[in-house]
Amino acid sequence: MLGNFSYKNATKLYFGDDSLSYLNEELPKYGKNIQLIYGGGSIKRNGIYDQIVKILKDNGKNIIEDAGVMPNPTIEKLREGVKIARDNNVDLLLAVGGGSCCDYAKAVSVSVHCDEDPWDKYYIRFEEPTCEIVPVGCILTMAGTGSEMNAGSVITNHEQKLKIGHVFGEEVMPKFSILNPKFTFSLPKRQMVAGIYDIFNHICEQYFSGEDDNTSDYLAEALMKSLIHSSLIAIEDPEDYEARSNIMWTATWALNTLISRGKSTDWMVHMIGQSVGAYTDATHGMTLAAVSLPYYRYILPYGVKKFKRFAEEVWNVSSEGKTDEQVALEGLSAMEDWMKKIGVSLNISELGATEDMIDGITEGTIILEGGYKVLSKDEVREILKQSL
Ligand code: NZQ
Ligand code: ZN
C-alpha cells in the first residue's frame, strides 16, 4: 500500500427489502419542494412510483415532476432539469432509477445556482462547483454504476459527439441512497447483465494498475468472485433475492471510492466505451464489454504479473508448467467464457458502430495515464478496429 490518500464517504445507505420505509426518516431533513426525477416510465409500470408518491405526500411535500431522463442523459435534458429546479425553488432532488437518473440529479445539483453553462464548466473545463449545491437523494432501481454512493456524473452531448464523466468532490455525493434489491427484479435481462458487466469492469479498472502489494487488490478480488458467483445464479433465476442483493451491494462497493484508495487506476475501457457510447447511444455496460477483451489482450504484456494474479485468484487458473503469459491469457479466456455465459455484447458492431465511425470514436477517447500502458491514439484506433 504505497499511496497517500484521504477517505470519506458522505452517503448514508439504506439497504434491503424494507429500505424504502427509511425515506420517512430522511424527508423531514429537507424543505417542502421535492424534484422527483425518473426515467422513461419503468417505475410507473412496476409500482415503485406510487409507493414513493405516497410517502412524499404523507410527509407533506410538494412534488415537482421531472420525468423522461433517458439512458445516457443528455446536456439538453440537464438544462431542462436545471430550469425546473430554478422555477420551483427545489429543496431536494430525489432520483428514482439507475445510474442515469442519479448522475443527472448530481449534474442538476451543481448547476441550479450556477450562472455558467454546465457543459462547458463541468464537462469541458472540468471545473469544480463554486455555487450552492442542491442535495440529492437516490432510490436505486438498477445495479451497476455505483452512482448511488459516488460523486460521478456522466453527461452526453450528441451535437459534439462527446460523452464525458466528471467525478465531483464528496459534497456532490448523494446525501442518502435507498437500495431495495427487489426493485431491480423488473429489469430486462439485457439491462441486468449490462449492469453486471459494468460492475465487473469498475473493479478491473481499479485492479489493473500498480505493482505494490495493496489491500485494495485483495478487496477487488473478493468482489469479483462474489459477482461472478451471483451473476451465474441471477441469469438462471432473476428473482433470486440473495443473488440480486449481492449484485446490488457489490455494485456499490465496486465504485464508492474505497477500492481505488492507494491506486493509480486505469479507466481506459471506460474512456473508449464512453466514446463508443457518444456515437451509438448504446447501453453503457455493453460498450465496455465490447471493447474489453481487445483492450486487455493488448495491454497484458505490460502488466503480465497482475494479469497472472487475476487468472489465478479470480478464475482459478492453474499455473503449473506454464509461462506467466500463458496463465495470464488463460485468465482472459476464462473471463471471455463468463461474458458469453451471461450474454454481454462482444463487439461494437452489434451496438451500431461502423468502420467510418472509428476515427471519430478514437478522437473522442480521453487518454488517461494510470494503467499499465499509456495508449497513443493509434493504439486506441487499433483496439477499436479489433472490437468491430
Ligand atoms: O428509464 P426507465 O424507464 O426507468 O428505464 C431504465 C433504462 O431504460 C431501465 N430500468 C432501470 N431500472 C429498471 C429499469 N427497467 C425496469 N425495471 C427497473 N427496475 O434501465 C435502462 C437503463 O437505465 P440507466 O439508468 O441508463 O442504466 P445505468 O444504471 O447503467 O446508468 C447508465 C449511466 O450511468 C453512467 C453511464 O455512462 C450512463 O450514462 N455511469 C455513471 C457512473 C458513475 N456515476 O460513477 C459510472 C459508470 O461507469 C457510468 O459511466
Ligand atoms: Zn461503468
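## Two helices, packed

Axes here are lines fitted to C-alpha atoms, for helices over the stretch in contact, with angles running from 0 to 180 degrees between N-to-C directions. In this predicted model, local features need pLDDT of at least 70 and side-chain atom pairs count only at pLDDT 80 or more, while totals for chains, interfaces and linings use all residues. Side-chain values use heavy atoms, leaving out hydrogens and water, residues are numbered from 1 along each chain as its sequence is written, and chains are lettered from A and ligands numbered from 1 in the order written.

On to the pair itself: helix 12 (residues 304–315) packs against helix 13 (residues 324–342) at about 50°, and their axes are 8 Å apart. Helices are DSSP runs of H or I, at least four residues, numbered from the N terminus.

## Who touches whom

Contact means heavy atoms within 4.5 Å. On the helix 12 side, the residues involved include Phe307, Phe310 and Trp315, and they meet a helix 13 set that includes Val327, Leu332, Met335 and Trp338. Sorted by class, this contact has 11 nonpolar, one polar and four charged residues.

Asp198 sits in helix 7 (residues 189–207) and His284 in helix 11 (residues 284–299), so the pair ties together parts 86 residues apart in sequence.

Notes: Helix = DSSP H or I, 4+ residues; strand = E, 2+ residues; numbered from the N terminus. Nonpolar A, V, L, I, M, F, W, Y, C, P; charged D, E, K, R; others polar.
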